[in-house]
Amino acid sequence: MINLRKMKASEYPAYYDYFIADYGDDLTQNHGHSIEMATKLAQQALLSSFPDGVESKQHDLLCIELNSNGILTVIGYLWHSIKVSDASTFIYDFYIQAEYRGSGYGKQAISELENLLAAINIEQIQLRVAFNNQRALALYEEVGFTISGYNMSKKIPSK
């Protein structure tokens, strides 16, 4: 069984380390930044949303917790931000640890998020998927997400 719960301050350093490495890698692969610049941009993105650690008025950092026979294990993270005026939330980060992938936990986590959001009258979940993340794209489509647009970029050669 999967549970979503607010991240504890003591869990934030592990999330920070994971996020900087993962998002930095995404920025390097998909946006052509050097690893140094990508790391800096990833740090800025996280710190601008969570300047005081896990406490934020506009963003929620959740732990995805597996309950296996009463033993609770954090197997991933979910960062989202609710926009009440649109009755929507945007998922900034959704991560299941590699050893727990392919077992349906991602689907369960999305379902649990939907239940939490429906209880507070949020009607839509939005997110962005990197073009090369076919596993995530397949998961999102399987649980009912549809493609609503494309992000595109082009590098301009320096003269």
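These legends describe close-up views of a predicted model. Local features need pLDDT of at least 70, side-chain atom pairs count only at pLDDT 80 or more, and totals for chains, interfaces and linings use all residues. Residues are numbered from 1 along each chain as its sequence is written, and side-chain values use heavy atoms, with hydrogens and water left out.

View 1. Helices (H or I, at least four residues) and strands (E, at least two) are DSSP runs, numbered from the N terminus. Along the sequence the pattern reads β-α-α-β-β-β-α-β-α. The radius of gyration is 16 Å, close to the 15 Å that the globule rule gives for 159 residues, so the chain is as compact as a globular protein of that length. This radius is taken over C-alpha atoms, and the globule rule is 2.2 Å times the number of residues to the power 0.38. The C-alpha trace spans about 60 × 35 × 35 Å along its principal axes. Of the 159 residues, 36% count as buried. Buried means under 20% relative accessible area, exposed over 50%, and partly exposed in between (1.4 Å probe, protein chains only).

**View 2. Strand β2 (residues 60-68) pairs with β1 and with β3.** Two strands pair if DSSP finds at least two bridges between them. Strand β1 (residues 2-6) runs antiparallel to β2, joined by 5 bridges. Ile2 has Leu66 of β2 as its bridge partner. Strand β3 (residues 71-83) is also antiparallel to β2, over 9 bridges. Here Ile64 is partnered by Gly76 of β3. In a regular strand the side chains alternate between the two faces of the sheet.

**View 3. Two non-glycine residues, Asn69 and Ala87, have positive phi.** Most residues other than glycine have a negative phi, and most peptide bonds are trans. Asn69 sits in the loop between β2 and β3. That hairpin has 2 residues between the strands, and Asn69 takes a phi near 55°. At 79% relative accessibility, Asn69 is exposed. Ala87 belongs to the loop between β3 and β4. Its phi is about 55°. At 15% relative accessibility, Ala87 is buried.

**View 4. Tyr15 and Phe19 form a stacked aromatic pair.** The structure holds 15 aromatic pairs. Rings of Phe, Tyr and Trp (its six-membered ring) pair if their centres lie within 6.5 Å; planes under 30 degrees apart count as stacked, over 60 as edge-to-face and the rest as tilted. The two residues are 4 apart in helix α1 (residues 12-31), so about one helical turn separates them. Tyr15 is buried at 0% relative accessibility, and Phe19 is buried at 4%. Both belong to one aromatic cluster, which also holds Tyr18, Tyr23, Phe50, Tyr77, Trp79, Phe90, Tyr92 and Tyr95.

**View 5. Leu47 and Tyr16 lie 9.4 Å apart, C-alpha to C-alpha.** In sequence they are 31 residues apart. Leu47 is part of helix α2 (residues 35-49). At 40% relative accessibility, Leu47 counts as partly exposed.

**View 6. The largest pocket has a volume of about 1100 Å³.** Of its 38 lining residues, Asp22, Phe94, Asn133, Ala136 and Tyr140 are closest to the centre. On a 1 Å grid over the protein atoms alone, a pocket is an open set of points where a 1.4 Å probe fits, with protein on both sides within 12 Å along at least five of seven lines; lining residues have an atom within 4 Å of a point. Grid points are joined across faces, edges and corners, and a volume is the space filled by probe spheres set on the points. Helix α1 gives the largest share of the lining, 9 residues. At least two residues each come from α1, β4 (88-96), α3 (105-118) and α4 (134-142). The lining divides into 20 nonpolar, 9 polar and 9 charged residues. Ala, Val, Leu, Ile, Met, Phe, Trp, Tyr, Cys and Pro count as nonpolar, Asp, Glu, Lys and Arg as charged, and the others, Gly among them, as polar.

**View 7. The second largest pocket has a volume of about 880 Å³.** It is lined by 31 residues, with Leu127, Arg128, Val129, Ser148 and Gly149 nearest its centre. Two or more lining residues come from each of α1, α3, β5 (124-127) and α4. This lining holds 16 nonpolar, 11 polar and 4 charged residues.
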